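Here are some notes on the model, for reading alongside the coordinates.

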Amino acid sequence: MSGDQPKDIVLKMMSLLVDPSTSEQAREYLTESYIQHNPNIDSGADAIIEWTKTDQARAARESMRPAPEPPVFVAEGDKVVMMLARDLPDPDAPGKTYRSYWFDMWRIEDGKLAEHWDGAPKEAG
């Protein structure tokens, strides 16, 4: 893992977290003090792994699949940004979709993900 590029670490961790049956394996790619800035998920490796098993996570996965384009990555220093395209239902045109883009950013520390940001609004708990 220490020789992996930051983009490769993010891709591997995301591939594990999108499936609740493999999310526990993501622990080796997360620092113990993993900081989560998404207001709907607590910080810590345990919290993100448990979140993958929630209805909220299932809904997020379904809204991002199938991805109409491969993700795009930009890495600078210890930060990696991923842009993911998704086609969402158009509220003004029933039966049609529009393309939207989701951005996530991680900070890498010693070959592991140490911090995460995204644009998620706070949802009612």
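**Notes on a predicted model**

1. Q36 is part of strand β1. The model is a predicted one. With a relative accessible area of 8%, Q36 counts as buried, because that value is under the 20% cut-off.

2. What does the side chain of Q36 reach? One partner is the side chain of H116, in a polar contact at 2.6 Å. Another is the backbone nitrogen of N38, at 3.1 Å from the Q36 side chain.

3. Leaving out residues up to four places away in sequence, Q36 touches I41, D42, S43, I48 and H116. Of these, I48 is also listed among the residues with the most contacts inside the largest nonpolar core.

4. That core has 25 residues, and V10, M13, L30, I48, W106 and L113 have the most contacts inside it. At least two of its residues come from each of α1 (6-17), β1 (30-36), α2 (45-51), α3 (55-64), β3 (79-89) and β4 (97-109). The largest share is from α1, which gives 5 residues.

5. W106 deserves a separate entry. Apart from neighbours within four places in sequence, W106 is in contact with V10, M13, M14, Y34, D78, K79, V80, M82, L113, E115, H116 and W117.

6. Which residues does UniProt list for the domain "SnoaL-like"? The unreviewed entry gives 24-116. Across residues 24-116 the chain is 44% strand and 18% helix.

Notes. Residues are numbered from 1 along each chain as its sequence is written. This is a predicted model: local features need pLDDT of at least 70, side-chain atom pairs count only at pLDDT 80 or more; totals for chains, interfaces and linings use all residues. Side-chain values use heavy atoms; hydrogens and water are left out. A nonpolar core is a set of buried Ala, Val, Leu, Ile, Met, Phe, Trp, Tyr and Cys residues joined through side-chain atoms within 4.5 Å. Buried means under 20% relative accessible area, exposed over 50%, partly exposed in between (1.4 Å probe, protein chains only). Helices (H or I, at least four residues) and strands (E, at least two) are DSSP runs, numbered from the N terminus. Contact means heavy atoms within 4.5 Å. UniProt positions are given in the numbering used here, feature names are shortened, and annotations may be inferred rather than shown by experiment. A polar contact is a pair of N or O atoms within 3.5 Å; within protein, one must be able to donate a hydrogen and the other to accept it, and residues adjacent in sequence count only if both atoms are side-chain atoms.
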